[in-house]
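Open the model in your viewer and get ready to select side chains.

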Amino acid sequence: MADKTLQQLADDGHKVSVLPQAALLYAEDPTEPNMVNRSKVIEFGDVVKTKYNILFPFGDGYSVVPVGTVGQLPMCIPSASTIIGWTILASGVGSITLDVWRTTYGSYPPNSSNSITGSQKPALSGASKSASVSLSTWTTELNAGDILMASAAAEISNVKLLGLYLHLERK
């Protein structure tokens, strides 16, 4: 296998993982049978950008989510990341507008003045799913340790259970 960056390996469909106990990166290469454990050590200087999701659950499945409801779990960002999109999945057809708030540990808890969504709030409109990667009015850069919370901002009808997923990429 020719030397490749981690991104090239990931783009080629290889499983890329970071071992926390050492400063070594491994990339699985199932097409290379002569490699020990079918893995190759990648130089530590390679950039690893890992995409991940965080979930903000709303509702109990029985009652419509009231305006002002804060998502059930605040989320602490593990490492500097960039928000690259969002998805809402609901248990049925309905309408809701959500907001996302950010603060530091020292200023916890956040409130509506800490909104990072600008005018492009995540929303459902007569649907059970919605998604966007259009974030031009968002503050998308997050620091390690930032705390995020989500809130039901407005326009709620028939939504009793939903999840707001933020899609992030580690820097």
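Select glutamate 141: is this residue buried, partly exposed or exposed? Glutamate 141 is partly exposed, at 37% relative accessibility. Buried means under 20% relative accessible area, exposed over 50%, and partly exposed in between (1.4 Å probe, protein chains only).

A note before going on. This is a predicted model, where local features need pLDDT of at least 70, side-chain atom pairs count only at pLDDT 80 or more, and totals for chains, interfaces and linings use all residues. Residues are numbered from 1 along each chain as its sequence is written, and side-chain values use heavy atoms, leaving out hydrogens and water.

The term means a side-chain nitrogen of Lys or Arg within 4 Å of a carboxyl oxygen of Asp or Glu. Lysine 171 lies in the segment after β10 (161-170) and glutamate 141 in strand β8, so the pair ties together parts 30 residues apart in sequence. Strands (E, at least two residues) are DSSP runs, numbered from the N terminus.

Next, select aspartate 146 and arginine 102. Their side chains form a salt bridge (3.5 Å, N to O). Aspartate 146 sits in the loop between β8 (141-142) and β9 (147-157), arginine 102 in strand β6, 44 residues apart. Aspartate 146 is buried at 5%; arginine 102 is partly exposed at 24%.

Last stop: lysine 121 and aspartate 99. A salt bridge joins their side chains (3.7 Å, N to O). Lysine 121 is in the loop between β6 (81-103) and β7 (123-132), and aspartate 99 is in strand β6, 22 residues apart. Lysine 121 is partly exposed at 30%, while aspartate 99 is buried at 7%. The count comes to 3 salt bridges.

Notes
Helix = DSSP H or I, 4+ residues; strand = E, 2+ residues; numbered from the N terminus.
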